[in-house]
Amino acid sequence: YYKELGNYNMAIAAFNSALEYNPDFVQAYLAVALCRYEMGDYEGVIPPITKFLYFNQQESFAYMVRAKAYMMMGRNNDAETEIVTALALNDDIMYRFIHGIILCKKGQFAQAKNILEPLTDTISNADIYKYLGIAYLGLKDYNDAVLNLDKAIVLSDDDKELEAKYNEAKAALRSAASNSAPQQNNPSQQQQEPKTQVQESD
C-alpha cells in the first residue's frame, strides 16, 4: 500500500516488520530492494536483494534488479555479470536491453549496437535510441548516431547527457562532411606569376 503511494520509507518499515513477524516471507526482501531502487538508494538495494537471492537463486528478475543497481553505481563489470546471469535463466527482451546499455557504458560499442539495434523492432523509447546513438557515435558512424539521438530527443524529457551527445554527434558529422568535401581553388589565392622588372638603361 505505502509503496503504491510512493511512501517508500513507510513501505520499507512495513516490510521489515513483516519479516520480523515471519522470517520466511522472503518476498519482502525483494520488495525492500525495489523501494530502495525507486528512492535512488542504489547501494541500499544490494543487501536485501542479495538476501532474497540466497533463498531464490533461480530468480532472474532479482539478478536484473541487482544489475541495474550496480549499473547506477557505475560498477559496470559487476552489472554485466548480474545481467548475464539473468539472461542465462531467462532470455527476456528487457534483460537484453539492459545488457546493451551496460555494454555501451563500458565502451563496448560494437557489441552494444549488435544487441540494441534488433530490439528497436519491439522497444521504442528514448533510452534505446539514446544508447544506440551513443554506440554509433563511439563507432564513428556519425550519421546513424545523429538519427538515433534525434529520435531519443523527441521521445525524452529534459536529458542533459542526451543533448550533449547529440551536439557532439552533429559537430562530428559536420566536421567529417567538411573534411571529405573537395577543396575548390580560390582565384584570389592563386599564385600570380612574378612580373619581370625591366631596368632602364643609362
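Tyr42 sits partly exposed in this predicted model, with a relative accessible area of 21%.

The ring centres of Tyr37 and Tyr42 are 5.2 Å apart, and their planes meet at 65°, so the pair counts as edge-to-face. How many aromatic pairs are there in total? The count comes to two. The other one joins Tyr54 and Phe55, with centres 5.1 Å apart and planes at 90°, so this pair is edge-to-face as well. Tyr54 itself is exposed, at 62% relative accessible area.

Now have a look at helix α3, which spans residues 42-55. Which of its residues are buried? Gly44, Val45, Ile46, Pro48, Ile49, Phe52 and Leu53 are the ones. And what covers them? Part of the cover comes from α2 (27-39), and α4 (60-72) contributes too.

You'll find Lys140 in the loop between α8 (126-138) and α9 (142-155). Its phi is positive, about 65°, even though Lys140 isn't a glycine. Is Lys140 buried or exposed? Its relative accessibility is 59%, and exposed means over 50%, so Lys140 counts as exposed.

Conventions
Residues are numbered from 1 along each chain as its sequence is written. This is a predicted model: local features need pLDDT of at least 70, side-chain atom pairs count only at pLDDT 80 or more; totals for chains, interfaces and linings use all residues. Side-chain values use heavy atoms; hydrogens and water are left out. Helices (H or I, at least four residues) and strands (E, at least two) are DSSP runs, numbered from the N terminus. Buried means under 20% relative accessible area, exposed over 50%, partly exposed in between (1.4 Å probe, protein chains only). Contact means heavy atoms within 4.5 Å. Rings of Phe, Tyr and Trp (its six-membered ring) pair if their centres lie within 6.5 Å; planes under 30 degrees apart count as stacked, over 60 as edge-to-face and the rest as tilted.
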